[in-house]
Amino acid sequence: MSYWPLLGIVVVVAGFVLRFNPVIVVVCAGLVSGLAAGKSIPDLLALLGESFVSNRALLMFALTLPTIGLLERAGLREHALRWIARLHGLTLSRLLAGYLLVRQGLSMVGLIDIAGHAQTVRPLLAPMAESAAGKTRAPLSREETQRVHAMSAATDNIGRFFGEDVFLAFGAVLLIQGFYAQHGIHLEPLQIALWALPTAIAAFIIHAVRIVLLQRRLDRAAPGTGEKADADD
């Protein structure tokens, strides 16, 4: 066994330590490993081209970030704050619980990338949650704002994580099926997915309770709450 192809790892480590361009570092590491493995330059170029074409869908994520940046520059967050402020019946718990339900439902049918941190949580959900939390008490402290933003991100994570396990073609479901098949146990993907459904329901209930508790904690910490209670007495 030849260990020379492992030189690519050395190139990656050295490039990141020296803070070179990550793209250049990775490409150079691939070329070094390929040459050390005995491949010719034309073969390596062909391999790079095939890899780029087969994974070109990943570039959609790279295009999403500047698009979201332009929308934020144009005032997307401010418009979301004003829109939520006009919905008087919408509270923080209702907003996040509704988003959790939608996120989990979409993930169950395989639409896991229709929402996410970059395209939904940061530009829309987080400012909307902050505005909804500020209806019952204002202003929020910096720590409370960070808690609201963290809960928004956690809601997206839990909705996707516990929803995608119910999707039949999800990689984890197929991995479980393959593991059991190697040990002589035949299971259909539908059987495995259905067993994930109770966990998804439990995750929804538990996280919804956490959202409600956060709402109550913010309400209790509202300035003047104690004075109002004394006046009512």
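Of the contacts in the protein chain with a separation of 6 or more, 70% are between residues 24 or more positions apart; a contact here means heavy atoms within 4.5 Å. The model is a predicted one, in which local features need pLDDT of at least 70 and side-chain atom pairs count only at pLDDT 80 or more, while totals for chains, interfaces and linings use all residues. Residues are numbered from 1 along each chain as its sequence is written, and side-chain values use heavy atoms, with hydrogens and water left out.

The protein chain contains 11 helices and 0 strands, and its pattern along the sequence is α-α-α-α-α-α-α-α-α-α-α. Helices (H or I, at least four residues) and strands (E, at least two) are DSSP runs, numbered from the N terminus. Of the 233 residues in the chain, 28% are buried. Buried stands for under 20% relative accessible area, exposed for over 50%, and partly exposed for values in between (1.4 Å probe, protein chains only). The accessible surface of the chain is about 15,100 Å², and carbon and sulfur atoms account for 69% of that surface. These areas come from the Shrake-Rupley method with a 1.4 Å probe; for residues, only the protein chains shown count as cover.

The largest nonpolar core comprises 18 residues, and Leu92, Leu96 and Val148 have the most contacts inside it. Such a core is a set of buried Ala, Val, Leu, Ile, Met, Phe, Trp, Tyr and Cys residues joined through side-chain atoms within 4.5 Å. Two or more residues of this core are given by each of H6, helix H7 (117-136), helix H8 (142-164) and helix H10 (189-220). H7 supplies the largest share, 6 residues. Leucine 96 touches Leu125, Ala129, Met151, Ser152, Thr155 and Ile211, residues up to four places away in sequence not being counted.

Helix H8 also holds threonine 145 and glutamate 164. Threonine 145 has a relative accessible area of 12% and is therefore buried. Glutamate 164 is buried because its relative accessible area is 10%. Not counting residues up to four places away in sequence, glutamate 164 touches Ser107, Ile112 and Phe170.

Glycine 105 lies in helix H6 (residues 92-108). With a relative accessible area of 33%, glycine 105 is partly exposed. The C-alpha atoms of glycine 105 and glycine 163 are separated by 6.6 Å, although the two residues are 58 residues apart along the chain.

The second largest pocket holds about 170 Å³ of space. Helix H2 (22-36) and helix H3 (41-54) are the elements that give two or more residues to its lining, and H2 gives the most, with 5 residues. The lining consists of Val26, Val27, Gly30, Leu31, Gly34, Lys39, Leu44, Leu47 and Leu48. By class, 6 of the lining residues are nonpolar, 2 polar and 1 charged; Ala, Val, Leu, Ile, Met, Phe, Trp, Tyr, Cys and Pro count as nonpolar, Asp, Glu, Lys and Arg as charged, and the others, Gly among them, as polar. On a 1 Å grid over the protein atoms alone, a pocket is an open set of points where a 1.4 Å probe fits, with protein on both sides within 12 Å along at least five of seven lines, and lining residues have an atom within 4 Å of a point. Grid points are joined across faces, edges and corners, and a volume is the space filled by probe spheres set on the points.
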